[in-house]
Amino acid sequence: MAVKKELLTGNDVVLKAALLAGAEYFAGYPITPSTEIMNGWAKEAADNPKLLFLQTEDETSAGMAVIGGLLAGKKTWTVTSGVGHILIQDPLVLAETLSLPFVMYVGQRGGPSTGTVIYSQQELNLARYGGNSEGLRVVYAPSNIQELFEITQKAFNTAWRYRLPTIILGDGYLTKTLSPVDTSRVIPAEKAEAIFLNKDVKNLRNCFSREDELAEHLNILFAKYAAASRQIVESESYKTNDAKIVIFAWGTVGFAAKVAVANLRKQNKRVGLFRPITMRPFDDRGAIKAVQKADKILIAESSGGQFGRIVRETLTQATDAEYVRLYKPAEGITSEEIEAKIKEIY
Amino acid sequence: MEPRYPKCLDPKTKPSNFCPGCGYGIILKTLGQVIDEMEVAPRTVFAVDIGCNLLAWNYYKLDTIQTHHGRVTPLCVGYKRANRESVTIGIAGDGGLYAIGLQSFLHAAHRDDPVTIIGVNNTIYAMTGGQLAPTSLLGQVTDTSPQGKFTYEKPVLGPELAKEMASSSAYLARGSILNIPQMKGMLKAAIERQLAGHFAFVEIMSYCPTNWKTDAQQSIETLEKLEETFKVGVINA
């Protein structure tokens, strides 16, 4: 299909991608910086009677309503941020234990607490293991608007194909920026199926009377997750083959790091980038492979080390490289800053 | 002669796990009769909260989901919006509905979401062993009010409270397991009102011999006394 460039904001892109993926039902509660997506859906739903919309009284209700929609077989989704993301962990863990295709876009805010409202990378732990989760969920991290378009579609497919709650972890820089997007890159959508009032009677529970019953249930879920992970896991290794320094970065910072690596390579610096695309499951093998020639690892992130802890845990046995931290909790990181940091430690 | 259970009850899961003398058996059996008589079982979805009612997760041969603490209402609302043909029924206790789930309950009434919610009121958190509930009466001794002292003068009156926010078309009533035919009529009316496109709520006064520490006669007497405060009847027709 011919390239079709459109000038869109990230908010437009999430909405467009969700519709292409077959989303039919949105339940949510307004919170910056994710509100515009909800507004966009409300407008679409006003013009299209096939689209359902519910504005709830809070995010726990939004998530429970999403679960209701999923049981009815509608591709139901929501968006949230910050403290809303905290509240929605309650229904999200219900979706985990019931293996429901709960799709959610999260626009990260600064934290702890309500912090700031546009940008940060501080909702990573929450997205990966929030609530009393065992991490039976998929977390995607798009790094630019084009990727946001494709990953949002993919998130719906992953959720419905593997019956796993799936989060797209973005931020306000990503969604409020206007950029050209190739909207011809449409991924065929998975089919949805009703769970309730479809064939056999289903009695779904999340509260078990005995410990061994729950253990049995969980072991089935863990085995399914492990099998699905091998199909789902994604990362980008950019110029890491001979890299003396490998940058580890994700999301928006990952994109800045890629620009920095491209510039540094022009200056004959042996620098590479490892960028996870799925933050959960995490591409351990890809990460280990990326650092084979490295004697330094630069971790760049807009948090106090949430990503760094994953990286160091993953690479514990794999490398003796020195870790250098570029942690800017709640603040953005530019390609220039990353470039300067590399020159300092090269 | 075999007892005549409603067809929608699952005999494989009986006897149920409710305590001896619990009111839930009466309520669930009556609801089952209503579902049978209205012939809505093939399109009925049932949701339970957390609390004693969670034990009803496999009570019926109906698609059923256990939700979280106080979350039965938004789940029902979410389901119903996606399946307008369904009969969506949620059940919760007075703690689940009037404390942790009050916000959702009132907003469903406010939006006039067409679901049927049943609230079982025994003036106590029963599953957790008998703590103070929003429905506890002044002077009531519970695990968390050991001297019978707490700050509120009057208990939450659920249907009356909902009336303040509900649409004029909502059905709001309070029944009691001491009057089963009346309660049955209310449950039927509450499903009919949902099918007419409106919010419907029935609070049912019920006893909890385990936490009240009452025998059969005392349970009935206690409930009769409670009905002086929680007046049985239709609050919004």
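User: In strand 2 of chain B, which residue is the bridge partner of A:Asn203?

Analyst: In this predicted model, strand 9 of chain A, residues 203-204, is joined to strand 2 of chain B by two bridges, and these strands run parallel. For A:Asn203, the partner in strand 2 of chain B is B:Thr64.

User: Which element of chain B gives the most residues to the side that touches chain A?

Analyst: The elements that give two or more residues to that side are strand 1 (44-48), strand 2 (63-66), helix 2 (72-82) and helix 4 (102-111) of chain B. With seven residues, the element that gives the most is helix 2 of chain B.

User: How much area do chain B and chain A bury between them?

Analyst: The contact draws 31 residues from chain B and 33 residues from chain A. In chain B, the residues that lose the most area to chain A are B:Asp63, B:His68 and B:Arg81, which together make up 23% of what that side buries. Carbon and sulfur atoms carry 59% of the area buried between the two chains, and that area is about 2600 Å².

User: Which residue of chain B forms a salt bridge with A:Asp90?

Analyst: Across the interface of chain B and chain A there are 17 residue pairs in polar contact, both residues being at pLDDT 80 or more, and the count of salt bridges between these chains is two. For A:Asp90, the closest N and O atoms are 3.0 Å apart, which lies within the 4 Å cut-off for a salt bridge. The partner of A:Asp90 is B:Arg71.

Conventions: Residues numbered from 1 in each chain as written. Chains lettered and ligands numbered in written order. Predicted model: local features only at pLDDT ≥ 70, side-chain atom pairs only at ≥ 80, totals over all residues. Heavy atoms only, no water. Contact = heavy atoms within 4.5 Å. Buried area = accessible area lost by both parts, 1.4 Å probe. Salt bridge = Lys/Arg side-chain N within 4 Å of Asp/Glu carboxyl O. Polar contact = N/O pair within 3.5 Å; in protein donor to acceptor, adjacent residues only side chain to side chain. Helix = DSSP H or I, 4+ residues; strand = E, 2+ residues; numbered from the N terminus. Pairing = 2+ DSSP bridges.
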